[in-house]
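Thank you all for coming; I would like to take a few minutes to walk through one structure with you. Please have a look at it first, and then we will go through two parts of it in turn.

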Amino acid sequence: MFELVTSEASYYKSLEILETHFLRNPILFNTLSQSDMHFLFSNIEDVMKASERFLMDLEHRMEESILISDVCDIVYNHAVEHFSVFILYVTNQVYQEKNYRRILREKPAFREAMALLEKHPCVRGLSFTSFLILPFQRITRLKLLVQNILKKAEENSEREANAIKAHQRLEQIVKECNEGVRKMSRTEELINIEKKLEFKCKSVPIISHSRWLLKKGEVQQMSGPNSTRTMRSRKLYQPLYLFLFNNLLLVTKRSSSGDKFQVLNSCTRAMLRTDDLEDQGQVLANVFNLRLLENQEDREVRYMLKTTSMSDKLRWMYALTPNRRTRFMSTSTHQTDSPQVQCIQSYSSQEPDELSIEMADVLNLLERTDDGWMLGERLHDGERGWFPSRVVEEIQSKEVRAQNLREAFRIQQAQEGGSSRIGIRPGRRTPKTSSVSSAWPGQMDNSSKGKQ
């Protein structure tokens with residue numbers, strides 16, 4: 001609870017640097033148009049006001065007693081009343097980053113002013129963008145801090161009830177933040193993909209609010225092998241490029257120019273089936289069968305596809321047919337014998353089917369490959385995805401695994417329900433941030449932008 005208060009003070013101090021050193025700087029201000037200012041800073045002033053009110057109530061609670069009675073009641077009330085400003089700010093981050101790069105490229109005066117501002121001692125060697133991503137880092141960290149308070153709270157106590165309510169509300173805000181970012185990115189991605197497609201078959205509308213890209217990439221179509229002559233043929237493999245969306249598969253072939261894709265077949269994702277082929281030597285290594293039960297012309301199509309590795313094959317099969325049975329059981333079965341891993345090195349996803357994980361995240365292991373990849377399900381939010389096995393270590397103790405499942409179940413309960421609202425004392429003074437020794441960005445990994 002003390003960490004929640006002190007980290008909020010440190011975060012607020014860093015927001016003050018963003019405001020006074022960057023937002024209010026006359027040199028920077030004079031190099032930007034009003035629309036560019038909005039693109040870069042969005043509603044950061046509203047975010048600051050929300051943090052200021054929150055911090056003052058936390059400090060007021062600390063002044064009541066040296067032993068903090070609770071903080072989650074305050075978190076809950078502010079999350080309900082004031083924290084919606086985070087959703088708008090985080091959603092705008094997609095355009096914020098793009099426009100920052102554009103302004104740097106197009107406006108030399110801005111570029112020179114920013115270079116000088118980033119050298120000032122008050123920013124402690126951190127970049128401007130490190131300060132811009134603070135709000136999303138903070139709302140996600142708040143959720144984790146409340147989650148840890150919930151784990152330690154005595155069962156059926158008032159503190160537990162407050163923590164459950166606060167966690168439930170923060171979970172909803174983070175979810176809406178992620179969803180806002182995803183919608184912006186997904187729509188832009190669909191527009192870019194549609195521009196590159198040339199339909200050689202019946203065309204399918206690509207852009208839809210309910211559609212997003214799950215996986216894309218090149219695979220090799222095998223033409224046989226039905227005879228010795230076919231096996232020796234140089235045309236045994238034909239490159240195909242797959243675009244897999246949440247509800248649609250496009251089988252395409254890259255054009256000779258390389259910047260367009262000719263659509264050969266399309267099929268709804270529900271009508272896809274995959275079959276694994278046992279390793280039958282080098283030619284059939286990493287090969288699987290894909291069936292389109294009903295393509296755009298209402299006929300069945302079969303492909304024998306070869307990937308570059310075992311992990312790539314499994315990742316395509318699980319993406320194409322998500323209900324496929326995994327090697328190990330899901331968290332929802334509450335099997336303590338199911339393997340678990342803990343993150344020992346943060347990892348940011350590089351592909352749509354990967355999962356970004358942070359230090360100390362605990363995951364239920366669903367699948368592993370011999371070439372260093374794992375499919376996992378994060379315990380505290382149920383998110384699934386692939387990640388390198390080198391960034392995690394397996395939890396050997398059955399007792400620790402059982403404890404992790406019990407804690408995950410409590411968090412799940414917090415997400416599904418809460419209890420009655422508890423009021424807090426009103427009051428407003430200037431937050432006492434001067435007692436905090438370090439500013440917020442220095443305490444966090446600034447490469448992290450949250451799970452989207």
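Let me begin with a question: is strand β10, residues 362-368, largely enclosed by the rest of the structure or largely open? Keeping in mind that what we have here is a predicted model, the answer comes from counting buried residues, by which I mean those under 20% relative accessible area. Six of the seven residues in β10 are buried, and so the strand is largely enclosed by the rest of the structure.

Now to the partners of this strand. Strand β9, which covers residues 340-343, pairs with β10 in the antiparallel sense through three bridges, and within that pairing Gln340 is found opposite Asn364 of β10. Strand β11, residues 373-378, also runs antiparallel to β10, and the two are joined by five bridges, with Arg368 standing opposite Met374 in β11. Together β10 and β11 make a hairpin in which four residues lie between the strands, and Gly372, in the turn, has a positive phi of about 95°.

Terms used:
Residues are numbered from 1 along each chain as its sequence is written. This is a predicted model: local features need pLDDT of at least 70, side-chain atom pairs count only at pLDDT 80 or more; totals for chains, interfaces and linings use all residues. Side-chain values use heavy atoms; hydrogens and water are left out. Buried means under 20% relative accessible area, exposed over 50%, partly exposed in between (1.4 Å probe, protein chains only). Two strands pair if DSSP finds at least two bridges between them.
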